[in-house]
Amino acid sequence: MHKNISLIELEHLLEFAPCVLYKYVLLPNSKGRLLYVSSGSNDLLGLHASDMMDDIDNFWNIVHQTDLERLQAEDYSANQKGEFFVSDVRINNPAKGTTWIRLSSKPSDEFYEGHQVWTGYMVDISDTKRLEAELEERARRDAMTQLWNKSEIVSALGEELSRFERDNLPFSIMIMDLDHFKAINDNYGHLVGDDVLLKFTEIASSELREVDILGRFGGEEFLAIIHNASQEETMVIAERIRKSVEITSFTEGTTTFSITVSIGITEVKKTHKQTPEEVIKRADDALYQAKQDGRNTIRFK
């Protein structure tokens with residue numbers, strides 16, 4: 001194996017590699033200069049290496065506007081400290097659209113006009129970022145119903161409260177609980193119970209408006225945020241859900257059964273600051289009253 005390899009040989013080896021090697025120097029009062037860029041930049045960045053070496057602005061111009069200031073700050077900080085540098089940013093590849101790249105570099109023993117040269121690489125990490133986003137989305141969802149899970153729906157409620165404080169637009173929440181759900185699991189099995197939960201998810205989602213948010217609060221409980229809606233408007237939506245659930249029938253073998261739902265509602269319209277826990281407590285108290293009053297009903301607090 002050869003101990004030394006020329007730049008020309010290395011360039012040839014990297015011609016079809018999914019990465020870009022570069023040499024870079026940060027000059028005083030400038031955005032830096034690229035001293036070398038491998039030919040893989042044509043595919044990875046949609047830019048010719050010579051264009052970036054002639055004017056580094058050709059590179060900065062394709063960095064996504066959201067990431068540009070952060071990347072330049074990280075670049076400057078790393079150069080000032082002489083530390084290893086790595087950053088994930090989006091770029092606007094003219095041929096491929098928005099893609100994610102990872103830039104990584106470290107100081108070398110080479111100097112240019114008295115300033116230390118950095119050597120590094122860029123690599124496409126778009127697939128990795130897509131996988132990360134997918135896994136993050138899955139973590140926010142209830143595995144069975146694919147609704148927002150408890151932590152996410154509570155977080156969404158906190159955001160809605162912040163909007164309420166800013167815009168003073170009233171909104172309501174409802175907590176819905178399937179009546180006697182344990183008996184369904186006991187009598188027909190958990191698979192049937194799962195089917196019931198999925199059907200309820202379908203019903204509630206179809207009766208809610210596009211602006212409303214639905215999440216699984218736990219077990220057979222669901223929480224809905226009814227955006228910019230008064231008590232009366234929310235009661236109309238809740239009644240539609242209650243009726244749709246009541247008339248839906250399920251069949252298991254030769255047995256047909258139906259379910260009902262109890263709903264507790266509260267409206268957020270007071271001017272004092274409220275926490276998600278306080279709002280949920282009021283809706284939960286209303287739900288408890290609906291249960292006490294015979295179930296299959298709606299109560300407000």
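Modeller: One term before the sheet: two strands count as paired if DSSP finds at least two bridges between them. Also, this is a predicted model.

Biologist: Fine. How many bridges join β3 to β4?

Modeller: Nine, and the two strands run antiparallel. β4 covers residues 97-112.

Biologist: Give me one contact to look at. Which residue in β4 is the bridge partner of Ile91?

Modeller: Thr99 is the bridge partner of Ile91.

Biologist: Zoom out. In what order do the strands of the open sheet come?

Modeller: The order is β2-β1-β5-β4-β3. That makes five strands, with antiparallel pairing.

Biologist: Which are the edge strands?

Modeller: β2, residues 33-37, and β3, residues 85-93. Each of them pairs on one side only.

Biologist: And by how many degrees are neighbouring strands turned against each other on average?

Modeller: By 30 degrees, with direction ignored.

Biologist: What about helices? Which strands does α5 lie across?

Modeller: Helix α5, residues 65-81, lies across β1 (19-25), β3, β4 and β5 (115-124). Its angle to β3 is about 150 degrees.

Biologist: Now the voids. How many cavities of 30 Å³ or more does the count give?

Modeller: One. About 160 Å³ of space lies in that largest cavity.

Biologist: Which residues lie nearest its centre?

Modeller: Tyr22, Tyr24, Asp75, Phe85 and Leu103. They belong to a lining of 14 residues.

Biologist: Which elements supply at least two residues of that cavity lining?

Modeller: β1, α4 (57-60), α5, β4 and β5. Of these, α5 gives the most, with three residues.

Biologist: How does the cavity lining divide by class?

Modeller: Into 11 nonpolar residues, two polar and one charged.

Biologist: Switch to the open side. How much space lies in the largest pocket?

Modeller: About 260 Å³. The pocket is lined by 17 residues. Nearest its centre are Leu26, Leu27, Tyr76, Asn79 and Gln80.

Biologist: Where does the largest share of the pocket lining come from?

Modeller: From α5, with five residues. β5 also supplies at least two residues there.

Biologist: And the classes for the pocket lining?

Modeller: Seven nonpolar, eight polar and two charged.

Technical notes: Residues numbered from 1 in each chain as written. Predicted model: local features only at pLDDT ≥ 70, side-chain atom pairs only at ≥ 80, totals over all residues. Heavy atoms only, no water. Helix = DSSP H or I, 4+ residues; strand = E, 2+ residues; numbered from the N terminus. Axes fitted to C-alpha atoms, helices over the stretch in contact; angles between N-to-C directions. Contact = heavy atoms within 4.5 Å. 1 Å grid on protein atoms, 1.4 Å probe; cavity = no way out; pocket = protein on both sides within 12 Å on 5 of 7 lines; lining within 4 Å. Points joined across faces, edges and corners; volume = space filled by probe spheres on them. Nonpolar A, V, L, I, M, F, W, Y, C, P; charged D, E, K, R; others polar.
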